[in-house]
Amino acid sequence: MTNPEYISIFNNQSILVKEIPEHNYTAFKDININLLKGNTARHCINYFGYILADKIKLICCIADDEAHKIYVSSCFVNDNEELSSFTAQNHNFEKFEREIHENFGLKYSNHPWLKPMRFAYNRDNKNKKIENYPFYSVKSEELHEVGVGPIHAGVIEPGHFRFICNGEQIMHLEIQLGYQHRGIEQLFVRKKKLLERTTLAENIAGDTVVGHTTTFVNLWESLCGHTTDSSLNFARTVALELERIAIHTGDLAAICADMAYQLGNSVYGRLRTPIVNFLQEWGGNRLAKGLIRAGKINFPFTNELAKRLIEIFDAYEPDFDEITEKLFMLPSALSRMEKTGVVTYNEVLEIGTVGMSARMSGLNRDIRYSHPYNHYTSIKHTPIIKNNGDVYARAQIRKEEIKQSIIYLRELMTKVPEFKKPENISLNPMPDTFVISMVEAWRGEICHCAITNENGDLLIYKIKDPSHHNWMALAQAVRNNDISDFPICNKSFNLSYCGHDL
Amino acid sequence: MLSFLLIILVSTFFMGIVIRTKSIASGRKGPGIFQPMRDIIRLWKKGAVYSRTTSFIFQIAPTAYFVSVIMAILMIPHANNPGLISFDGDFVMFAYILAFGKFLMIISALDTGSSFEGMGASREALFSMLVEPAFFILMGSFALFTGHTSFHSIFSALHYGSYIAYMLGGMATFVLVIIAMIENSRMPVDDPKTHLELTMIHEVMVLDNSGFDLGLINYTANLKFAMYGAIISNFFISALPIEISIPLFLVIQFIFAIIVGIIESFSARYRMGHNPQFIFILTSVSLLIFFGVLLVLGKFM
């Protein structure tokens, strides 16, 4: 076979870097655009560049949800070449190309929105600063601008939102992030110890500790050619589902708080506590830090813990059902949620959103089902899909996913695998290897990529949080809505600032 | 004078009861009923910080707002005792003296030049404008009903003869409770607990006020609640002797505060765009009262 267009691999499969087909830029672009054209089951999961021998190597990964495969292809470019952008033909690539442009100064001739993305400390053009971000503005007597942030009113994470409004109605929202940039990807390369890297993975986004750490350890084990023990797969799956239940419950509380429904806020807030406390009981940390480790687990899941978890669910479910029935039947709450912050199917498809932000509008994107990993290979998972794309759909997805996770966990608790303390774990990355790992965390698909050099040292570690795409969906959702409904739209997406800024 | 003292007394614990009710409804114990007043006193002991972009308007507005409400309270009677200021047509002055205080708060919010405060000011102006017809139709109907035109003479002449008249009293209470909620920017219309500037009305207008001024504004909110409670109680007290009327007054204020707390606990805030519709309900209920009065007076014969 002469030079194939791409290599197709499974989630968590490691391949040699030289197995990835190389093309010239035009062919590379055509291949990837054609892969996405007219096929809604495919989306771009990662597209990044790194410097190799004074040239920039671009790697593009397209996931196919129906074939359960990932298509990887690559290309070399010089940083002084003028390139025509992918984005001009498919908006899935918008954020990725902005990132490549910011980091390496690649010149795109027809990118519609080539603005700085996260102000990486090693960016190409240091004159582009947070202070002089080129906001879109309108010269008009009727419209006015409202700037919110960077300091959040609830003092959570920083991000700046610039609204262009017609009275109470939002015409346009531009979200400027980058305040949280910590250089995590570079730290991954610089820090050599596995423990340091695991700790870094735990701190990519504080609300998705299990999600990011699981992605990292899955990737690392694959990179080292290590087969994961079934009890480890089990523990990671349980932790992922527990994190989903905890954060979804907390989100429902926060949605209630934003529409000033006090009862819902306090009941959901209370319900979140036993779940995170269980994580504390299990691994000594409510956010599950220290629980997931590559090749081993310091806190094996035992039958006693399984019994405790069932007790917790027995207490959790009646209260959850009661308040959920109240909330989803309360006229004043429904009137706030329904038809607020709508993103249509075509919009989410064009943005390429992942996770909840795709499933809310009828786009079936769930890695647990499309690229199963860990214990999900043995769970028959049916993604929960809603079609309205509004705050109500996002709240419903949370409600139903919590119930679904509880069913899965109850099922899993009946067959806790025997824990064998793993011996002689030697985790040494293989040289010249490329691995891609995906996990469906509570917010959506997390994708980590790693490439090693000839000595088995990391060349690049690439992280993509679901928030990467989904922020754009929020900006679309609030258009033509009341500005006073922005907080509830924002909360219903609950995107990560630090996951985006890295 | 009696009415004035009673309102001041109630204003010290009214908000405390509301907060306590909300706490109990959400399964918490909640602070003591004098806690809001303690917070206000703490604020009164502090100095205020003024932004360089603001002018004297911003500095006088909280005081003027406070004084306008005090002056409005002086007009409210208690049972047979007229307020300190009482004359024919005083309820018109009552409404506009309150509007004057609100006007100063609105221009002081605009004075800060913040886009948030401008937004809050425009919402506050719109909603209080929409409330006005309801209040005047309500008071006008009762003026027609009793044949008098001042607060004191209307309330002391108010006695219910027929079932329809009781219904009028009930509806008037409903209208005044909701007016009080709107004027104080409380729940179905505004969310006083939120930290999100974009959804606020009153709170966002006073974002830049601090220390003594903020204390004054917060206390004025308590006073306004107690004031509306006093008007509501007058519908029930009419001309009872003082020994009965004072306990009855306190009981009515207490129930009013609990109702406010319950409304705030068990519903979500309305969508901002639906608020005008909601406020118009008040005007229609007031119109019903008006037709009820015409019916009682036999004007339809």
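A nonpolar core is taken here as a set of buried Ala, Val, Leu, Ile, Met, Phe, Trp, Tyr and Cys residues joined through C-beta atoms within 7 Å. In this predicted model, the largest such core has 228 residues, and those with the most contacts inside it are Cys61(A), Ile179(B) and Met227(B). Helix 6 of chain A, residues 230-258, gives the largest share of this core, 16 residues. Domain 1 (7-112) and domain 2 (206-459) of chain A both contribute residues, so the core lies between them. On the chain B side, Met227(B) is in contact with Ile7(B), Val69(B), Ala72(B), Ile73(B) and Ile76(B), leaving aside neighbours within four places in sequence.

Next comes a sheet in chain A. Four strands form an open, antiparallel sheet in the order 2-12-13-14. Strand 2 (14-16) and strand 14 (458-464) each have a single partner strand, so they stand at the edges with one side left without a neighbour in the sheet. On average, neighbouring strands of this sheet are turned by 15° against each other, direction ignored. Strand 2 is joined to strand 12 (residues 433-440) by three bridges, and Leu16(A) stands opposite Thr433(A) of strand 12. Helix 5 of chain A, residues 209-223, packs on the sheet and touches strand 2, strand 12 and strand 13 (445-452). The direction of helix 5 makes about 150° with that of strand 12.

Chain A also holds a hairpin. Strand 10 (residues 160-166) and strand 11 (residues 169-176) run antiparallel and are joined by seven bridges. Arg162(A) has Glu174(A) in strand 11 as its bridge partner. Two residues lie between the strands of the hairpin, and Gly167(A) takes a positive phi near 65°.

How values were computed: Residues numbered from 1 in each chain as written. Chains lettered and ligands numbered in written order. Predicted model: local features only at pLDDT ≥ 70, side-chain atom pairs only at ≥ 80, totals over all residues. Pairing = 2+ DSSP bridges. Axes fitted to C-alpha atoms, helices over the stretch in contact; angles between N-to-C directions. Contact = placed C-beta atoms within 7 Å. Buried ≥ 20, exposed ≤ 12 C-beta atoms within 10 Å, placed from the backbone. Domains from an automatic or database assignment.
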